[in-house]
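Reader: I am new to this structure. Please take a single part of it, go through it closely, and then say how that part sits in the rest.

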Amino acid sequence: MEGDVMDKVEATATVGDLDPMSGSIPATKVEITVSCRNLLDRDTFSKSDPLVVLYTQGVECKQWREFGRTEVIDNTLNPDFVRKYILDYFFEEKQNLRFDVYDIDSKSPDLAKHPTDFNDFLGQVHCTLGEIVGSPASRLEKPLGGIPGKKCGTIILSAEELGNCRDYATMQFCANKLDKKDFFGKSDPFMVFYRSNEDRTFTICHKTEVVKNTLNPIWQPFSIPVRALCNGDYDRTIKVEIYDWDRDGSHDFIGEFTTSYKELCRGQNQLNVYEVMNAKKKLKKKRYINSGTVSLLSFNVESEHTFLDYIKGGTQIHFTVAIDFTASNGNPSQSTSLHYMNPYQMNAYAMALKAVGEIIQDYDSDKMFPALGFGAKLPPDGRVSHEFPLNGNVENPYCNGMEGILEAYHQSLKTVQLYGPTNFAPVVNHVARYAAAVEDGSQYFVLLIITDGVISDMAQTKEAIVNAAKLPMSIIIVGVGQAEFDAMVELDGDDIRISSRGKLAERDIVQFVPFRDYMDRTGNHVLSMARLAKDVLAEIPDQLISYMKSRAIKPNPPPPPYSPGDHSESKPV
């Protein structure tokens, strides 16, 4: 959930963007950069491995919900995190934020599973977005608290309004004759890029990989939003520091140089060979020339296409539903069942269907959706099926709109017998067959699986997802009921990319959400369904873009705007 669907919307609002339902103009987007100083040291043989989690508070309820996480930085008490948070900023709203700092020792993405004796918790701070934006130079420094009797260090939060530049720069560097820093071998160099701010401070914006045991490294090419490098100011200074990596986190400074986006745009030439300078070394050594050189090997800029560019260009989103009809859901005729048909209220399955379907159906022109069930015994012979059509029509499993899906769902509850096991692979492969037939970017497939929990065919499902990650498709899993959903979190792959038989998934295509997190106490289902839909669909735009980018598919130009003066020759009389 690397967060990063967020900059797919134009950064500045116009009056034309006014949402008549909410009455507020979509906000400016601000980028929050996080650093910490003098954190608690929780590790016995090394320093802490910190990560910061941002929580936001909903307007309608005061519950804290996770917004995003930084990366983990090993062995440091003074981290400068590269991963940013991008937030909508509303001047007229009090936007409460909470930053929790953890020392990560576990591979589990679930922080609640870490020891409860505060071993992993390094402190927290509360503030508002307005507080950060309104601080001098939009830079807020606050002491971390939350651990009685301990000084937890400080957190530094910087905000910068994002320009709406959508260009991405891809560049590659190499270095020559860097200073040797390791006693027994050569250096292990990496580069850190910083953009300058208006108050002459610097904000980290990229870190390269480490190239081991060389004074002449060639780093991998990397892509970065131009906005992140210079926020639209092409003359703004970009500072680059080169370090020798050390396992204990005490990386040795080799030297630095400065450039600008304007200079980098000149591409590979003599002007883009930079002397790496170390001021301290220069003072000590009379004959000091430099600490090596860094050369730009390649530089090119492409405009980043947005989700809406593809939709405007005609990409259709095809929505398929798969519903869990296993016996663990309980007898549908009893009120304890997750499939219970209450005449006065939708059950969890119907609510999840409606919440997600009503948004996604707007992107599908014919509004005809295949709806499948799995884990039931079918009439007349009682055979178990893991991909049966809810409407009973194998030749044509399509239902007309959300109402058609809900009607077919209610009908099948009356005709099939809930059974088992809970197998996902058949429905994943079912949709993947369709996706494999159209890989030109004209169509994208979204499979919504609604389930009560524990999966029976984990290995087969992982293999199906790894194979599907190469195709134009995404999978949404909504978990209903009170079961443990650890396997679903693993399939989600936000923290650890899913793999099968040693093969990593090409893209993260699964989004999991537990339905119980969206049940609101007042019984006001409209709010909880709106939140569910927002969170469930949040990753789809980025997943679609990641597929298109991986296949170098550009959006088609949008059709010309309709003019009332246009007359079509083929218009029926």
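Author: Start at Asn-329, which touches Asp-324, Ser-337, Leu-338, His-339, Tyr-349, Leu-418 and Asp-452 when residues up to four places away in sequence are not counted. Contact here means heavy atoms within 4.5 Å. The model is a predicted one, in which local features need pLDDT of at least 70 and side-chain atom pairs count only at pLDDT 80 or more, while totals for chains, interfaces and linings use all residues. Residues are numbered from 1 along each chain as its sequence is written, and side-chain values use heavy atoms, with hydrogens and water left out.

Asn-329 lies in the loop between strand 17 (316–324) and helix 6. Helices (H or I, at least four residues) and strands (E, at least two) are DSSP runs, numbered from the N terminus. Is Asn-329 buried or exposed? Its relative accessible area is 2%, so Asn-329 is buried. The classes are buried for under 20% relative accessible area, exposed for over 50%, and partly exposed in between, with a 1.4 Å probe and protein chains only. The side chain of Asn-329 also makes a polar contact of 2.6 Å with the side chain of Tyr-349. A polar contact is a pair of N or O atoms within 3.5 Å; within protein, one must be able to donate a hydrogen and the other to accept it, and residues adjacent in sequence count only if both atoms are side-chain atoms.

One of the residues that Asn-329 touches is Asp-452. Asp-452 belongs to another loop, between strand 24 (443–451) and helix 9 (458–468). With a relative accessible area of 8%, Asp-452 is buried too. Leaving out residues up to four places away in sequence, Asp-452 touches Asp-324, Thr-326, Ser-328, Asn-329, Leu-338, Tyr-349, Val-480, Ala-483 and Phe-485. Asp-324, Leu-338 and Tyr-349 are therefore among the residues touched by both Asn-329 and Asp-452. Asp-452 and Leu-338 are 114 residues apart along the chain, and their C-alpha atoms are separated by 8.0 Å.

Leu-418 is in strand 23, opposite Ala-376. Strand 23 and strand 19 (residues 376–378) run antiparallel and are joined by two bridges. Two strands pair if DSSP finds at least two bridges between them. Three strands form an open sheet in the order 20-19-23, with antiparallel pairing. Strand 20 (383–385) and strand 23 (417–418) are its edges, each pairing on one side only.

Tyr-419 comes next, in the loop between strand 23 and helix 8 (425–437). Relative accessibility here is 41%, so Tyr-419 counts as partly exposed. Apart from neighbours within four places in sequence, Tyr-419 is in contact with Phe-325, Thr-326, Ala-327, Gly-375, Ala-376, Lys-377 and Val-384. Val-384 is 35 residues from Tyr-419 in sequence, but the two are 7.5 Å apart in space, C-alpha to C-alpha.

In the largest nonpolar core, which has 51 residues, Phe-319, Phe-325, Leu-353, Ile-476 and Val-478 touch the most other members. Helix 6 (residues 348–360) gives the most to this core, with nine residues. Such a core is a set of buried Ala, Val, Leu, Ile, Met, Phe, Trp, Tyr and Cys residues joined through side-chain atoms within 4.5 Å. Val-478, leaving aside neighbours within four places, is in contact with Ala-352, Leu-448, Ile-449, Ile-450, Thr-451, Phe-512, Val-513, Phe-515 and Val-536. A second, separate core has 35 residues, including Val-34, Leu-87, Leu-97 and Leu-140. In soluble globular proteins, nonpolar side chains tend to be buried together.

As for the rest, the chain has twelve helices and 28 strands. Of its 573 residues, 50% are buried. Among contacts between residues at least 6 apart in sequence, 70% join residues at least 24 apart.
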